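I set out to record, entry by entry, what I looked up in this structure.

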Amino acid sequence: MTLIRVEEGDITTFDGDAVVNAANNHLILGAGVAGAILRRGGGTIQAECDELVRQHGPVRVGEAALTGGGDLPARYVIHAAAMGDEPASAGTIESATRESLRIAVEQGIRSLAFPVLGAGVGGFPFDESARIMVSEIRRFAREHPDTIETVVLYGFQPEQAAALRRTLA
């Protein structure tokens, strides 16, 4: 059974298998969560992102891609593109969440941390995105038991963490 819990603070401090980046589809690590990942994880993550885009083109909105974690405590970064050339929507948030979980299972990742996708820079309402993500994580966990042990949802600010806790309740 997958444990879903909430943490307040900086997702880049997560000491688990993977962190999920609230990515744009060009995988440019600039602002928000992506910028924090770049600052703490180092330029090798951006270099891997650049190579992925060079080889395969931009990640389609609603999909995800995997890189190493650079200098992060986590071994991997899953770049979930809930927005990019098109804005974040309920459908792209749901799909990017599902694709992140699929990649985690494919890679044998047992613990991962998510920010709320599509909110912040993406402009999608935080509470609605959190509800969509929790619903999708729960659905995925039911359909894929004994794959992912822990999913941590990060709220950077106290009010975000409180909103996530209410969503899980």
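The entries below concern the sheet, the helices and the aromatic rings.

Entry 1, the model. I note that I am working from a predicted model.

Entry 2, the sheet. I looked up the strand order and found an open sheet of six strands, arranged β1-β6-β5-β2-β4-β3 with mixed pairing. I recorded β1 and β3 (64–68) as the edge strands; each has a single partner strand, so one side of each is left without a neighbour in the sheet. On average, neighbouring strands are turned by 30 degrees against each other, direction ignored. I then examined β5 (residues 111–114), which runs parallel to β6 and is joined to β6 by four bridges. S111 has T150 in β6 as its bridge partner.

I found helix α4 (residues 126–143) lying across β1, β5 and β6, at about 175 degrees to β6. Helix α5 (residues 158–168) lies across β1 and β6, at about 160 degrees to β1.

I checked α1 (residues 32–41) against α2 (residues 43–56): their axes come within 6 Å and cross at roughly 120 degrees. The two helices are therefore oblique to each other. I listed I37, L38 and G41 of α1 as meeting G43, T44, I45 and Q46 of α2. These contact residues comprise three nonpolar, four polar and no charged.

I found one aromatic pair. F14 sits in the loop between β1 (3–8) and β2 (18–24), and Y154 in strand β6 (residues 150–155), 140 residues apart. F14 is buried at a relative accessible area of 7%, and Y154 is buried at 10%.

Methods: Residues are numbered from 1 along each chain as its sequence is written. This is a predicted model: local features need pLDDT of at least 70, side-chain atom pairs count only at pLDDT 80 or more; totals for chains, interfaces and linings use all residues. Side-chain values use heavy atoms; hydrogens and water are left out. Rings of Phe, Tyr and Trp (its six-membered ring) pair if their centres lie within 6.5 Å; planes under 30 degrees apart count as stacked, over 60 as edge-to-face and the rest as tilted. Buried means under 20% relative accessible area, exposed over 50%, partly exposed in between (1.4 Å probe, protein chains only). Axes are lines fitted to C-alpha atoms, for helices over the stretch in contact, and angles run from 0 to 180 degrees between N-to-C directions. Angles under 35 degrees count as roughly parallel, over 145 as roughly antiparallel, 65 to 115 as roughly perpendicular and the rest as oblique. Contact means heavy atoms within 4.5 Å. Ala, Val, Leu, Ile, Met, Phe, Trp, Tyr, Cys and Pro count as nonpolar, Asp, Glu, Lys and Arg as charged, and the others, Gly among them, as polar. Two strands pair if DSSP finds at least two bridges between them.
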